Amino acid sequence: MLKLSGILPSSSSRNHLLELLSSRKIQLRDFSTPTNHYSAKGYSSDRIFAPYSVYKGKAAFSLTPCLPTFTKLDSGALVVDRRGSIMMSFVPAVGERKYDWEKKQIFALSATEVGSLIAIGPQESCEFFHDPSMKSSNAGQVRKSLSIKPHSSGYFVSLTVVNSVLNTKDNFSVPVTTAEFSVMRTACSFALPHIMGWDRLTTQKSSETVRFQPNRQAGGTVSFQPNRQSGGTVGFQQKMSPQILDLEWEK
């Protein structure tokens, strides 16, 4: 029978190992154990960049999800402070497999615009218009339009940026294959609930459950008031008249 005394460390060796661990001369993180931090060339970071990029002869573009930011209320509940988006970045080509990143132009797709991209059919097209300075004194100085139009083997994804201050007009047009557009559609479908912040709703603890209780208020005003419920849950009393609900559904 095999004796284990020659395999297992002696009591003195085990004590020495425990002393090293307690004195932190040996760091547990130095062992090959899974962690939530991904490192590259000796550096670790919580920020992960994983864009989907399409490079073609005259221009290229990439898609990157931008998550929403949240604000914490006095009750402890979180509400969306800045909505998320799918950021599209376009760059012109200056040679074979060379692109001028200093001339990059961006276009942020909202959740509804992402839905339009996902729902587009084989022979359908869609177009979006943005004014970065809308509702300010600089409105109209910069105008952006993004279009997705079909061609024989896929789609043309095009961006036009007109800057009346600099008197410039930038045009980008990138042909994408059916396979490339399928990746875009699938990636956007996966990212959509995340840019809306709904992934936080589905993964929150039971003590953070948000409950909606419709309650009519005089005057038909709409308000959300945090309500601490049994078990530590935070509820929101939704005060809105049925007429307002009907108008919302008719939009």
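This is a predicted model: local features need pLDDT of at least 70, side-chain atom pairs count only at pLDDT 80 or more; totals for chains, interfaces and linings use all residues.
User: What is the mean pLDDT of the chain?

Analyst: The pLDDT is the predictor's confidence in each residue, from 0 to 100. In this chain, 63% of the residues reach 70 or more. The mean over the chain is 75.

User: How many contacts beyond near neighbours in sequence does the stretch of residues 208-213 have in the model?

Analyst: Over residues 1-9 the pLDDT is below 50, and that stretch has 2 contacts beyond near neighbours in sequence. Residues 208-213 also have a pLDDT below 50. For residues 208-213, the number of such contacts is 18.

User: How many strands does the chain have?

Analyst: The chain contains helices as well as strands. There are 5 helices, and the number of strands is 16.

User: Is strand β7 largely enclosed or largely open?

Analyst: Strand β7 covers residues 85-95, which is 11 residues. A residue is buried when its relative accessible area is under 20%, and 8 of the 11 residues are buried.

User: Which residue of β7 is the bridge partner of Pro 65?

Analyst: Strand β4 (residues 59-66) and β7 run antiparallel and are joined by 8 bridges. Within β7, the bridge partner of Pro 65 is Ile 86.

User: Which residue takes a positive phi in the hairpin of β7 and β8?

Analyst: Strand β8 (residues 98-99) pairs with β7 in the antiparallel sense over 2 bridges, and Ala 93 stands opposite Tyr 99. The hairpin leaves 2 residues between the strands. The residue with a positive phi, near 60 degrees, is Arg 97.

User: Is Pro 92 buried or exposed?

Analyst: Pro 92 lies in strand β7. Among its contacts beyond four places in sequence are Lys 58, Tyr 99 and Phe 172. Its relative accessibility is 18%, and the limit for the buried class is under 20%, so Pro 92 counts as buried.

User: How far apart in space are Pro 92 and Ser 173, C-alpha to C-alpha?

Analyst: In sequence, Pro 92 and Ser 173 are 81 residues apart. In space, their C-alpha to C-alpha distance is 9.2 Å.

User: In the hairpin of β5 and β6, which residue in the turn has a positive phi?

Analyst: Strand β5 (residues 69-72) and strand β6 (residues 78-82) run antiparallel, joined by 4 bridges. Phe 70 has Val 80 as its bridge partner. The hairpin has 5 residues between the strands, and the one in the turn with a phi of about 100 degrees is Gly 76.

User: Why does Lys 135 count as exposed rather than buried?

Analyst: Most residues other than glycine have a negative phi. Lys 135 has a positive phi near 65 degrees and is found in the loop between β10 (126-130) and β11 (142-151). The exposed class needs a relative accessible area over 50%, and Lys 135 is exposed because its value is 82%.

User: What is the relative accessibility of Asn 167?

Analyst: Asn 167 lies in the loop between β12 (154-163) and β13 (168-177). Its phi is positive, about 55 degrees, although it is not a glycine. Asn 167 counts as exposed, with a relative accessibility of 70%.

User: How many disulfides are counted?

Analyst: A disulfide is a covalent bond between the sulfur atoms of two cysteines. Cys 66 is partly exposed at 28% relative accessibility, whereas Cys 188 is buried at 2%. The rule asks for cysteine sulfur atoms within 2.5 Å, and the count of disulfides comes to 0.

Note on methods. Residues are numbered from 1 along each chain as its sequence is written. Side-chain values use heavy atoms; hydrogens and water are left out. Buried means under 20% relative accessible area, exposed over 50%, partly exposed in between (1.4 Å probe, protein chains only). Contact means heavy atoms within 4.5 Å. Two strands pair if DSSP finds at least two bridges between them.
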